[in-house]
Structure formats: structure tokens, C-alpha cells
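Welcome to a short walk through a structure with several chains. Keep the sequence and the 3D view side by side as you read.

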Amino acid sequence: MSSLDMELTVNGRAVKRPAKARMRLLDFLRDELNLTGTKEGCGAGECGTCSVFVDGKLVKSCLMPAAKANGATIETVEGLAKRGGLTYLQQAFHKTGASQCGYCIPGMVMAATGALRENPHAGLDEIKERLGGNICRCTGYSKIFEAVELARDVMNGALPVTALDGPGAGASYIGNNVRRLDAPSKVTGALKYAGDMVMPGMLHMQVLRSPVAHALIKSIDISEAEAMPGVECVITADDVPGEDGFGVFVHDQPIMARGRVRYVGEAIAAVAAVDVETAMAALGKIKVEYENLPAVFDAEAAMASGAPVLHDYAPDNIVKHIPIRKGDVEAGFADAELVVEQSYETQPVEHAYLEPEAGLAYVDHDGVVTVISPSQNITHHRHMLAKIIDRPINKVRFIMSPVGGGFGGKEDMIYQGMLALAAMKSGLPVRLVFTREESIISTAKRHPARITYKMGLKNDGRITAVEFRMISDGGAYGLSTEGVMRKAAILSCGPYDIANVKIDTHGVYTNNTPSGAFRTFGAMQAQFATESHLDICAGKLGLDPFEIRRVNMMRSGASTHTKQKLGSVSLGLALEAAEKASGWESGPSVARGGVRGDLGRAGNREPCTLGARIRTSHDVDTKEDIA
Amino acid sequence: MSRKCRGRGMAASWYGIARTATIDRAGAWAELDDGGTAKIVTGVTEIGEGILTVLAQIAAEELGVRPEDVTIGDNDTARSPEAAHAGATRQTYMIGNSVALACRDARVRLDAEIADHWGVDSGSLKAFDGEIWAEETNLKMTMEEAVDICKKRGVVPVGSGSFTAHGTGLDPEDGSGSPWQAYVFGCQVAEVEVDIVTGEVQVLGIWAAHDVGRAINPRGVEGQIEGGVVQGLGQALMEDYKLEDGHTTTHGFAKYILPTSLDVPQINSILIEDPDPLSPLGAKGIGEPALVPTAPAIMNAIYDAIGVRITSLPATPEKILAGLVAKREQEGTRHHAAE
Amino acid sequence: MLNCDQYLMPETLEEALAQWVGAPEGSRLLAGGTDILPWAREGRAGHMHLPAIIDISRVKELHGYDVVDGRVRLGANLVFQRFLTSESLRHHLPCMPHCAVWFADDQIREQATLVGNIVNASPAADGTPAIFAMNGTVEIARLDGGSVARRSVAIGDFITGPGGTTLEAGEILTAVACDSMAGYGGAFEKVGQRRSLVISVVCAVGLVKLSPDKKTFADVRLAMGGIGPVPIRLDAVEAFLKGQPVSRKSILAAVKTAGDLVRSRTRREYRSEVIRGFIERAVEDALADCGVALLPPEMKEAVHVVT
């Protein structure tokens, strides 16, 4: 059967319709039944955004061929509650603030529903295990656990239903745990993200991406692809009518590779066709001739003379160098009683928002080029796109769709330009939805950093001087590298009053996946080094970690490393609060874990090992010596 | 030596609020609408942090209505005023304050009409939770009535607000400058357990104390801290985007390993409120800063537990075990022979 | 993306064998399907267009399990979750709930089969070492002149290397049979890059049977995965422990008999380090499953019995 005759029950309704043999249950639900509460986060069974019940068993619908569901009874997130209502569990998610971006939430609600159906009295450890196949990138899971436990207790009668109510007005709405207004739409799967949106006559885009890291593009032949039935248009850099180039600080990246590719995964061309399969088939017909160029994959190698140059404007491959100088570091080190040097390294990190990039573009009745996408910066994107497509700025419109997680990764206009061009060329609405793999290879990462640290201190812990040097691989394009280097430099040496600092941060072009904005914008890399270094120094000086920080901390009115005079500084309050809440036992920073007395107190969870349900099923707590 | 070793570590942090070393700006419109409801329009939307709820709370407080009465029109360059980008820990600070200012502007229009209607000084008017009243009088009405009266007098109670944060650029030679007008500070303590058979690290507890200026929605702030901590934990222990000659070897979530429900510690948030004196609300921000101290606090805790200093992230089981082996060799003892 | 021209769902073994033997070259057979869909993606096999997929999940005679003469026979459609939910399987295969709970996640376990795990012959498979430890044999069927012919192969002879088995064209693996381990304590150890839904770097399975007075090891079964091209049965350690008194000292002495087991080319040092600890831990956890708890290592030689 190349097509399937599907006959099944979905959310209590009989469904009968044909489906393609290749379809997964996920495709059938989303594309045929428009049940878009079931999301596709990874397509490989790793994330759980697509969890549904099939004959009462929770499964990942991206791992289930639709044929397997034939004849089955399916329950999706849309079918959990009566229309317009919320189940106790959904109400509990609302109450505790368990949804943030919301993209994982339909799957999470399904997994939690499944957990409580399997065991209505499940303890926290078992709940965690049963949620173990569903990834959430926003919440840190904590409020989700709280919601499931709350719902369990309400369902078991241990708590009254009123425990699910929101807080009252109180004396003020500021400082009030008002329940999230967007939560009902997220816990029911009603909220439409860009990839859930459809328009009549909509085309589907697929993108041809570079298989090589650094090469000249000798030619692109799109004729065969363009001639395919079902293909409405094929676009390349040649279709850009205006001044091509985007980026957060420097506009060095073309919408699609222009004569040269600089990283694996860079867009070369894109096809808009009547369906994804046709668009994919057309990609296979595009012929690209590459002439490989020497490539560089290491930031320090890229800084060396004679290294391959990525961008003509930056012959030294430096995207940005930020220097900060204060006082006299040589004098500071001379004055020190202890000098400690150490290097640190951090890795590139993927944003891993559960919503892969997606967008829908069209040209409206007034000729306004409109792009709907989960962009974190519609203002700047509108500016850039207007230039790129050579239209007046009020003929370009960006609509920010609900963002299924951003963390900085959706600040870059990495695909919206292609959508706009295809909509302009075809005259039809065009939608692009990235696969997880495409999202991972083609979009920015957290800047990896190599940091060399030199700190001078007095025996009482006072820091006399710091020399801090950070080299960061910015990858093939500038994106946010300049800003990341700036923030890293400003915050590098931490909230400490240091008279003498010499700080340098360097962002460097290489042929790696570009680095870009990512929650903390360089600050975590730099402060990871500082905070590790302080503990090393505290160990050598026999000081408690809190003490060495108190000795050096900025106080109200302090001057920062950039010589800004601060107003109120709350660091002392934060140190005191964390020390007190954790019941910290004071002592030198010298691997005293084996002897310290403050371990294992309230505020910790139990160490986790799998099998909570096995352990609770043959509970054993009496012991007897035999030896 | 036991097979499971525990330890504790801490780290402090600081962060700047809103865009760096530049003038940041955001705008918003407000309207007190029929039925005592409200419309807020601003050019940026939810990325999951809870900004829509925060804006509704701010609007409710400033306008005297309830959060559920507030409709937020957002996120459209052709229909709403510029709010710039959703990032840089600027949403509550920039958009929140511009919404507060817009609401105050709308209230000026409404209050002038109601004060005149009642014959009282507009400074005596207070509004909360759907009602407006004149202090030290018995004059009180619903916001629905107030809007109706205002409109019958020919005035639509609308307002607009623009908020500015004044940062200055850095000197290109010595980097001096005032990049932000508001700073936040934080501190986290981590407790870990290291399995010395496998090298696995479990983070059992995090105590996270963060200054947020003023918590508009404390539960939302906790959610940001919890999410930040777990992203920090992911970077500390497992996440690693790998490349070989420019080609990734971590294409999907089977290879790019993220924290799941079984990897997260109990997170104990402590909110510190040191209000920002330069803005109407006093709130600062929390989105990014919560992540900063987590990884170093965990590395410091690992060192405390087993005496191995990890300076290269992530601290994978393999690196931990290699560190233990190196340490044993250095100490000339082999724990397996100890029994 | 996985595309196919035909998706076939036979209902009898004969039908399945006929379709399989007649399928165009490049066709695939699946039961749960949880491996092939992720396999057909970028970074792995990439886009796949198959002439036919033959899905055996509706072949009734491959469902379920039975226990005959001390052997447990598990049908090819038996999914991992049953090792957790079936009281009878928990009784006969006491290591399998521990193994299953570490395998993928609750949802994938509702679809993924043990037999699929065996046929794929991944060196990191979580399910296969247990089959080695329980003297498993696989049952294979093929059509021979219109009737079903069957053969059995010991698991160690079936898996030849990463992805390699002795399954021949036209054959279907219909069941796996292994010893009933009723009365044993079972354990499973695993380390990956996190705890849930992750590929094993090393895994170990342990089964322990005690003498009636619970003072000596009557039988021990140990196998490991992730450390070489195929799972390894720890014969020397097993032989050493049989008849030894239940004590930490016995276990530590047994570990020394294991020798160098790592055959993997990557992470050799790490795996070697972990193996020793995992042998200890697997035996101890299996003891705990028998109701015997050894005290922590620093409290020497005391043994607790848990009733």
C-alpha cells in the first residue's frame, strides 16, 4: 500500500481518511487533522514534544509510523479536557507557572497525565522518571514537578480543588504571583507557533546547505530544479535586489552564500514548492560547483599570520578586540604576595530551544512584505530586510510569533530573508520549518572561550591585580560576536574592587559554525574563570570562599573595571543570603567535602538512581545482620 | 574512600541590565477601554519568560484594573511601537517601565475627567482592582463606569510611554565607560555528589540568591532562576557541541545531551530586592544573570568533593575519572588496594 | 526523512516471511520502528527511500511470552515496558526490570522490542548483555518450500560485531529464549552522559543466586555491554564467585580475575576504570535484590540481610 486507508478514533471522534505510506502518526495528526498541539521538536524520539496516547499507552508520535495507529484510539493534548476547560493537571501547570515558552508543554502535560494514570500515587522520584523522555529547556523542570505533585494530591483528595485557584488581588498586583495569562493556551496546545500556521496556497521551503566548510562557489545550476512540476521558485543570492548582508553588529552575512561559503550548513539556495517532499526532491537537482579554499577551525590558528582569511574587511580574522585598562597591573603584581596563573576553557553550546526555527512569509494586498517568525528582534530585522530587498521600511513588516524558546538564538535573521525573497518571487505565502538537525548545524552557538588568567593577591585575600585574556571562536560570521566580547570584557573580573586590571577579549573568525547571542552574552564564560580562580586562590591562602569574595567585593559607590561609579551594590546581601539559606559551614577552600558538616541538609534532593517504581513495589526497610 | 563523595561550592556574579554600552529605548501605548478593561500595545512579545503576565500586572496596577482585564497587542512592526529586542535581560526593565509610563499617561487623562466629574483634586484619586475612588471621601465607582463617563465627556483615555536607559560607549583605548545604569548581583551555592566509580556528578541542591530590584511576579522570577540554573548545569556537566573540521558530530538530541528531569537539583531561590532608583518600577531583571554563577559553583563543589579541579567545561564523567586517576597517581595510592 | 513506496502489515508469520522474501532489495523489516525513524535522518543515514517496509507488529504469534521447562521464550513483538509491568516476567527475569528502566524512556519502551535491540546488534545495546548472561538463544524462521523452517542460534553465535548478525536473507528473528532466573537477584548498571534516555558508554548486568542460608554464592551471572564490538560474558568472575562466601572480600577478589575486558577503540581508559566498579556494583545490587545488603566499603565485612 503506497497510501494507507486510515480509520481510527481521535479524541473521541471517528476519523476516516487516506494517508501517505511514509507518514508518521505525528504527520497524520498535524498535517491531516490540524491537531498542532502535538509538536515536532526533534523528529528522533529524543524530546517528547510529540507525546500522544495510542490505545491508552503514551508514545512518541514521531517514532510511530501512521500505519501502526490504524484502528487505534488516539488521545492528543487537545482531547484531554472538555473544550474550553482544563484538566486538574493543566490547572496545576497554570497555577505553578510550569509553562514558559510552552513548546514542550503539550508533550509534558501528556507525559505527566500518563504518569498519574499509570500510578495515581506516584512519588516525586517516579514522576521524574516518567517525565524522563520529555525535554524542557526553559523551566528547569522544578515548577513542572510541583504541578504534577499538586495535581496528584488534588486528584487523590489530599488537597481541595481550591488549591488550584490563583492568588487574589491582595494589596497590589506588583509582587503578586498572578498566574501566567498565556498558560491556558500552552497547556491545551491551542497556541499556534509559526510552524503550526498555514495559509491558503502556502508553499513549503527547503534549503540547500553547504557540505563544505570553505569554498568558492564556481556555479549554481538551478534550471533542472526550477523546471520540476510543483516547484514554484528557486532562489539564490542572485535574487537579492538590494544590499545583501545581515548581522547584529556587522552585516557580514548574506541571505544565502554569495560566491563563497564559509561554514558547513550555510544556506546556498532554497526551493519553494507545493509540498515538502517536492521541495526536498528539487534540492537534489540543484548543481553546485565548489572550489575548496584552505579553512581554519581554531581561533588561535586563525589569529596567526598567514591563516586563511574569511572576510576581506578583517585581514587578521579579528571580529572584535575589546581592551580594558585600569591602574597599573605590573605594579599590582609586584605588590602581590601570591600570584596564581591558570587557563580555562568553555565549549560551544547549542541553544536547543524546543521549537526549531520556522517562519511564514507573504506579500500582502498593499505589497507589504510580511514575515511571521519567532524572531527575538523584529525591529532590527525589519531594518535589515528593507535594505536587503530594497523596499521602503514601511513596506516591510515583521510579526513576532510566539517564541518556543530563544535564549538569544533567535536574534539572528538567519532564514527570514530567504522566506521574504521566495514570497516575493512566487507571489505566494511560503513556510519554512527547520528540522532539528538543520537548526543545530546552521544556527549560532554560545561562544567557546579560552581564557588565561593571572591574579595577584595579598595574604589576606585582597586582589592586587588581574590580567585576563579571552580568545573566542566567533565562527564564520560576525552575528553578535562584537557585543559578546564587550560584555565578557566589562564583566570579566567579576563584582570585585580591583585597582589594577588588564583585560582583553578577542572574537575571531573561523570556518566553524557561527557563534552568537546566548543567555549571558559572554558573561558566563568570563565569570566561570573568575569564580573558579578565586576558589583556587582561596585554597592557597587558606580562606573560605565567601571570605575571599567579601574581602574583595564591590560595595556601594565602588568603581567598576570600566571606571563606572556604582550606586547601590547588593552583592553583600546576595552573599549573605546564599550563605545563610544553604547553612554554609565556613572553612578553607581545600577539598573538605569529606569532613564538612553542612552536607545533606534540607534544600537538597535525594541522589537519583533509576527504578523508583521497582523499589517502591518491594519496599524493604528492616535489616538484620548475618555476618 | 567512599564511592560517593559529596561537596559544596559557591560562586558570585554580576550582570548589567538592558543593552550594553549604548542608549536603550522602548515604547508602549495604553488605553483604558470599555468595560473597564485595558489595551496595551508594544512591539515585543513573550519568549517564555512571562513578560506578557508581567506587563499585564504592571498595567493592572497602574491603571487600577485586574490583570485578566488587560489585552496585550504586541509584536508587530506595522501595528505597535518599537520595543526593540527580546533579550539582554531588558524586557521587564525596558518594556515594563515604558508600559508603566504609558499607563500613567492614560490615567492622567482619565483622572482629569473623573476629578472634574466628582469635583475633587485629581491627586486624590486612587484606583485598584477595577475600582476608582477619591481618598477621604465616599466617592467610588467601577472602572467600567469611569471609562464610560470619561468617554461621554469626549475623552478617550489613551496614553503612551517611552523609557530610556542611559548607557555610554566604552573608550576604545582603555575601555572606560558606563555601560549600564542598573546592575544586579547574585550568589549560588551548589551541593554535588560525585560517583567515583563512573565519574558522574549529580547536583543535589542549588541555593540561588539574586537581586532583581523588585519582583513583579516572584513565582515568575523563580522560574527564570530555575531555568537558568539548569542551563548552567547542562553547560557544566554534559552539553557539548562538537565539530570535526567544521562538521558537527552532534547533529541531534541523541548526541547533543541536554539535562532531563533526572538531572536537576532542588533549586532554592532567594529573591533580593534592591530597587533601581532610576526607573519608575524599581525592577531590574533576572533572565540571564541566573545562569552565570551555576557552572563555577558546581566546579567548585566538585573540587570540594574529590579534590579534582575541572578547568575545561563540561565536567564529563570521563574527565572526572581521569582527574581522579591523575590525583591517585600523584598521591601514590590506589584506592582499590586500600581494602 | 523515511519514505517508502509500500508499508506492509502482515498478520501471520507465513505472510510476513512471504512478503519479506519477496520484498524488493533495500526493503526493511521492523517491529517497533523506534530505531529506523531516527536512523533515517541527517547526520546518520540521511534521507531514506525504501521500496517496502514490512511491519511485523501485527503478527500475533510473535506477541507475548511463555515459560516452558525452565526457559522463558520472548516473542519478537514483546516490548521493553513489559519487563516492568508483567509480574511473571519480573519473577522469571529479575534483572530485566532494572535493565528496562534504564532503556530509553517509558514511551519508547512501549514500542521498542527486545528482539529489535538484539537484531540491531549495537555494541551499546542495553538489552543484549542480559541475554548473554541468561544463556539466550534466538529463534529464526524462514520459508522453505512454502512451509516455515526454524533454527535456533546461541546469542553469542548470532551477534558477530557492530550491526552484524548471522541472520540470512529472507529470515525473521521470531523469539529469544533464555533461562528462567526465578530465585535470583537481578541488577543492571549503566553510565552514559546522563541518566535518562541515553546511550550506554558501559553497562553491566548481574544475577546472583544464594545458598539457602544466604551465606554463599550458589550461582552468579555477569555480562557487560559497551566495552567491545559485542557484549561480553564474565565467565572467570562468575566461576570464581560460585561457592564463595557472600562478602565484599569475595567480590573484590573476583573483580581481579576479570582481566582486561575492553575491546572498544575509544574511551579505553575510562571504560577500564568503570568496569571494575561495575562488576562490584552489579554483584552488590543483585545481592540487595536477594535481600542481602553489604555495608558501605569503609565498614568492612559486615553483611546485612534485608527481610
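Domain bounds here come from an automatic or database domain assignment. For chain A, that assignment gives domain 1 (3–79) and domain 2 (88–191). What you are looking at is a predicted model, in which local features need pLDDT of at least 70 and side-chain atom pairs count only at pLDDT 80 or more, while totals for chains, interfaces and linings use all residues. Residues are numbered from 1 along each chain as its sequence is written, and chains are lettered from A and ligands numbered from 1 in the order in which they are written.

Let us begin with the two domains of chain A. The C-alpha centres of domain 1 of chain A and domain 2 of chain A are 24 Å apart. Two residues are in contact if their C-beta atoms, placed from the backbone, lie within 7 Å. By that rule, domain 1 of chain A brings 13 residues to the contact and domain 2 of chain A brings 14 residues. On the side of domain 1 of chain A that touches domain 2 of chain A, there are 5 nonpolar, 6 polar and 2 charged residues. In this classing, Ala, Val, Leu, Ile, Met, Phe, Trp, Tyr, Cys and Pro count as nonpolar, Asp, Glu, Lys and Arg as charged, and the others, Gly among them, as polar.

Next, find helix α1 (residues 25–32) of chain A. Helices (H or I, at least four residues) and strands (E, at least two) are DSSP runs, numbered from the N terminus. A residue is buried if 20 or more other C-beta atoms lie within 10 Å of its own, with C-beta atoms placed from the backbone. In α1(A), the buried residues are L25(A), L26(A), F28(A), L29(A) and R30(A). They pack against β1 (3–10), β2 (13–20) and β3 (51–54) of chain A. After α1(A) comes N34(A), with a positive phi near 55°.

Further along chain A, 7 strands form an open sheet with mixed pairing, in the order β8-β10-β6-β17-β14-β15-β16. Two strands pair if DSSP finds at least two bridges between them. At the edges are β8 (231–235) and β16 (396–400) of chain A, each of which pairs on one side only. Within the sheet, strand β6 (residues 203–209) of chain A and strand β17 (residues 430–433) of chain A run parallel over 2 bridges. Here L203(A) stands opposite V430(A) in β17(A).

Which residues touch the most other members of the largest nonpolar core? They are M205(A), M418(A), A59(B) and I302(B), in a core of 431 residues. A nonpolar core is a set of buried Ala, Val, Leu, Ile, Met, Phe, Trp, Tyr and Cys residues joined through C-beta atoms within 7 Å. Helix α2 (residues 91–118) of chain B supplies the largest share of this core, 11 residues. Leaving aside residues up to four places away in sequence, M418(A) touches M205(A), V207(A), I235(A), I255(A), M256(A), A267(A) and A270(A).

Finally, look at where chain A meets chain C: 37 residues of chain A are in contact with 39 residues of chain C. On the side of chain A that touches chain C, β4 (57–60) and β23 (623–625) of chain A each supply at least two residues, and β4(A) gives the most, with 4 residues. By class, that side of chain A has 17 nonpolar, 9 polar and 11 charged residues.

Note on methods:
A residue is buried if 20 or more other C-beta atoms lie within 10 Å of its own, exposed if 12 or fewer, and partly exposed in between; C-beta atoms are placed from the backbone.
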